[in-house]
Amino acid sequence: MNDIQKKECLDLARKVRLHCLNMVYRGKSGHIGSMLSTADVYSVLYTRVLNVSPEQPEKESRDRFILSKGHGGAALLATLAERGFFPMEWLDTLNQPGTNLPSHCDRKKTPGIDVTTGSLGQGLSVACGIALGKKQNHEENTIYCFMGDGESQEGQNWEAIMFAAQQKLDNLILFLDDNKMQLDDMTAAIENMESFSEKFKSFHWDVQEIDGHDYEAIDAAIDKAKAEKGKPSVIVLHTIKGKGC
């Protein structure tokens, strides 16, 4: 990643964070800390990585992105608006009557959203199903999923983690937002997950740990994960909840 590409990512992430603050202020609700820790990954994905098209948001050959922690979806919505998936004016309507932008991501309302999420702990299971279907059809799509550290406490995720390894879903890349906080307290105080990396390694996943706000590290980790064969990949992101405030 060169300096021009890094600046593009930085500029997009800054815009996304500002949009999030304005959207939550206008809508009078939203999980702002959860949104802001994700913006840097989105900026890399949507400028450098994903095979997606604002002109053809439903094209079958596209990559899929599933935000499992869908309650933090305003950052993804702001990213999609900045990349041209829908008019910027829509951002003014978050959570308003008749909006196309509910606070939880909704694929039936918003172009660029692949899976409706917000009920925590389900996104990875859906991602596994899509990844398996694409492999069975010999399609080249990459399936990306973004999970929160709080929702990782839910058992359904670990069923999905076992399933993905058993099925050798090497077209699946999971981001785990390890910002170490959830709604009620620090994650360690609610249910201590200890080492995510050691857990995923024991489940036979390819594992990387990186600074989730370092654009070069994010870009390089995605390249490495895409090159991995025979097993799914997880990128554990060390992030700051509310990054940028």
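This is a predicted model: local features need pLDDT of at least 70, side-chain atom pairs count only at pLDDT 80 or more; totals for chains, interfaces and linings use all residues.
**Notebook: strands, cores and one buried asparagine**

I began with strand S2: Ile-143, Cys-145 and Met-147 point one way, Tyr-144, Phe-146 and Gly-148 point the other way, and all are buried.

Next I asked how many of the residues of S2, which covers residues 143-148, are buried. I got 6 of the 6, so the strand is largely enclosed by the rest of the structure.

**Who sits beside S2?**

I looked up the partners of S2. Strand S1 (residues 64-67) pairs with S2 in the parallel sense, over 4 bridges. As an example I noted Arg-64, whose bridge partner in S2 is Ile-143. S3 also pairs with S2 in the parallel sense, this time over 6 bridges. There I picked Met-147, which has Leu-176 in S3 as its bridge partner. To get from S2 to S3, the chain passes through helix H6 (residues 155-166), and this β-α-β crossover is right-handed.

**Another β-α-β unit**

I then followed the chain further along. Strand S4 (residues 206-211) runs parallel to strand S5 (residues 233-238), and 6 bridges join them. One residue I checked was Ile-210, and its bridge partner in S5 is Leu-237. Together with helix H9 (residues 215-227), S4 and S5 make a right-handed β-α-β unit.

**Nonpolar cores**

A reminder from class: in soluble globular proteins, nonpolar side chains tend to be buried together. So which residues touch the most other members of the largest nonpolar core here? My list reads Leu-45, Phe-65, Leu-76, Tyr-144, Phe-175, Ile-222 and Ile-235, out of 45 residues in that core. I zoomed in on Leu-45. Leaving aside its neighbours within four places in sequence, Leu-45 is in contact with Leu-50, Phe-65, Tyr-144, Phe-175 and Ile-222. There's also a second, separate core, with 26 residues, including Leu-169, Phe-196, Phe-200 and Val-207.

**Asn-179**

Last stop: where does Asn-179 lie? I found it in the loop between strand S3 (172-178) and helix H7 (187-191). Is Asn-179 buried or exposed? Its relative accessible area is 6%, and buried means under 20%, so Asn-179 counts as buried.

I also wanted to know what the Asn-179 side chain reaches. The answer is the backbone nitrogen of Met-181, at 3.0 Å. Setting aside neighbours within four places in sequence, I wrote down the contacts of Asn-179 as Ser-37, Lys-69, Asp-149, Thr-239, Ile-240 and Lys-241.

Conventions: Residues are numbered from 1 along each chain as its sequence is written. Side-chain values use heavy atoms; hydrogens and water are left out. Two strands pair if DSSP finds at least two bridges between them. Helices (H or I, at least four residues) and strands (E, at least two) are DSSP runs, numbered from the N terminus. A crossover is right-handed if, with the strands pointing away from the viewer, the path from the first strand over the helix to the second runs clockwise. A nonpolar core is a set of buried Ala, Val, Leu, Ile, Met, Phe, Trp, Tyr and Cys residues joined through side-chain atoms within 4.5 Å. Buried means under 20% relative accessible area, exposed over 50%, partly exposed in between (1.4 Å probe, protein chains only). Contact means heavy atoms within 4.5 Å. A polar contact is a pair of N or O atoms within 3.5 Å; within protein, one must be able to donate a hydrogen and the other to accept it, and residues adjacent in sequence count only if both atoms are side-chain atoms.
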